[in-house]
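I open this page of the notebook to record what I looked up in the structure, in the order in which I looked it up.

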Amino acid sequence: MRCPFCGSEDTQVKDSRPADDGAAIRRRRSCPSCGARFTTFERVTLRELTVVKSDQRRVPFDRDKLARSIRIALRKRPVDEDRVERIVNGIQRRLEAEGESEITSRAIGEMVMETLKELDQVAYVRFASVYRNFGEAADFQAFLGSLDRNG
């Protein structure tokens, strides 16, 4: 593993332990060249996923981008970081289990919305406002009205 601070390829594992409910291994590493310490996570990947964007571009699935978007929706909400990690792990497992190597960004967005709707209504609306590209207050009103009708 290359040191993110000095670029040395000779880093050492100091400690390993399970993380994310056993879905990953957390490794504390140190670099003998610069003395820096850093953490890495090792996760099982069932298959390499490619995300097909709405403009038909294909990009590699980015777990960190998924986690970031969920964290933004949940900002200042009463949901702890462990729960966010479990959500991201669950969505990633669902995507990998579907058997397809390509998944649309729309399908990922729908999975996130489905999860957030069950978890936190405010985060659900926040995510939907970006995902569905709300441009004005009327868009929010229509969406909130559909929430009232659908429960």
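What is the mean pLDDT of the chain, and what share of its residues reach 70 or more? The model is a predicted one, and I noted a mean pLDDT of 85 for the chain, with 87% of its residues at 70 or more. I then looked up where confidence is lowest and where it is highest in the chain: the lowest mean, 68, belongs to helix H5 (residues 137-150), and the highest, 93, belongs to S5.

**Entry on the sheet.** I traced the strand order next and found an open sheet of three strands, S5-S4-S6, in which the pairing is mixed. Strand S5 (58-60) and strand S6 (102-104) are at the edges and have a single partner strand each, so one side of each has no neighbour in the sheet. On average, and with direction ignored, neighbouring strands of this sheet are turned by 35 degrees against each other. I also checked how strand S4 (residues 50-52) is joined to S6, and wrote down three bridges, with the two strands running parallel.

Which strands does helix H3 (residues 105-119) lie across? I found that H3 lies across S4 and S6, and that its direction is at about 65 degrees to S6.

**Entry on the helix pair.** I turned to helix H2 (residues 81-97) and H3, whose axes come within 11 Å and cross at roughly 140 degrees. The crossing in which H2 passes H3 is right-handed. From H2 the contact takes in Arg83, Ile87, Ile91, Arg94 and Leu95, which meet Ile108, Met111, Val112, Glu114, Thr115 and Leu119 in H3. Sorting the residues of this contact of H2 with H3, I counted seven nonpolar, one polar and three charged.

**Entry on backbone angles.** Which residues other than glycine did I list with a positive phi? One of them is Gln56, with phi near 75 degrees, and I placed Gln56 in the loop between S4 and S5. Another is Lys76, whose phi is positive at about 65 degrees although Lys76 is not a glycine; Lys76 lies in the loop between helix H1 (63-73) and H2. I looked these up because most residues other than glycine have a negative phi.

Note on methods. Residues are numbered from 1 along each chain as its sequence is written. This is a predicted model: local features need pLDDT of at least 70, side-chain atom pairs count only at pLDDT 80 or more; totals for chains, interfaces and linings use all residues. Side-chain values use heavy atoms; hydrogens and water are left out. Two strands pair if DSSP finds at least two bridges between them. Helices (H or I, at least four residues) and strands (E, at least two) are DSSP runs, numbered from the N terminus. Axes are lines fitted to C-alpha atoms, for helices over the stretch in contact, and angles run from 0 to 180 degrees between N-to-C directions. Contact means heavy atoms within 4.5 Å. pLDDT is the predictor's confidence in each residue, from 0 to 100. A crossing is left-handed if the near helix is turned anticlockwise from the far one by less than a right angle, and right-handed if clockwise. Ala, Val, Leu, Ile, Met, Phe, Trp, Tyr, Cys and Pro count as nonpolar, Asp, Glu, Lys and Arg as charged, and the others, Gly among them, as polar.
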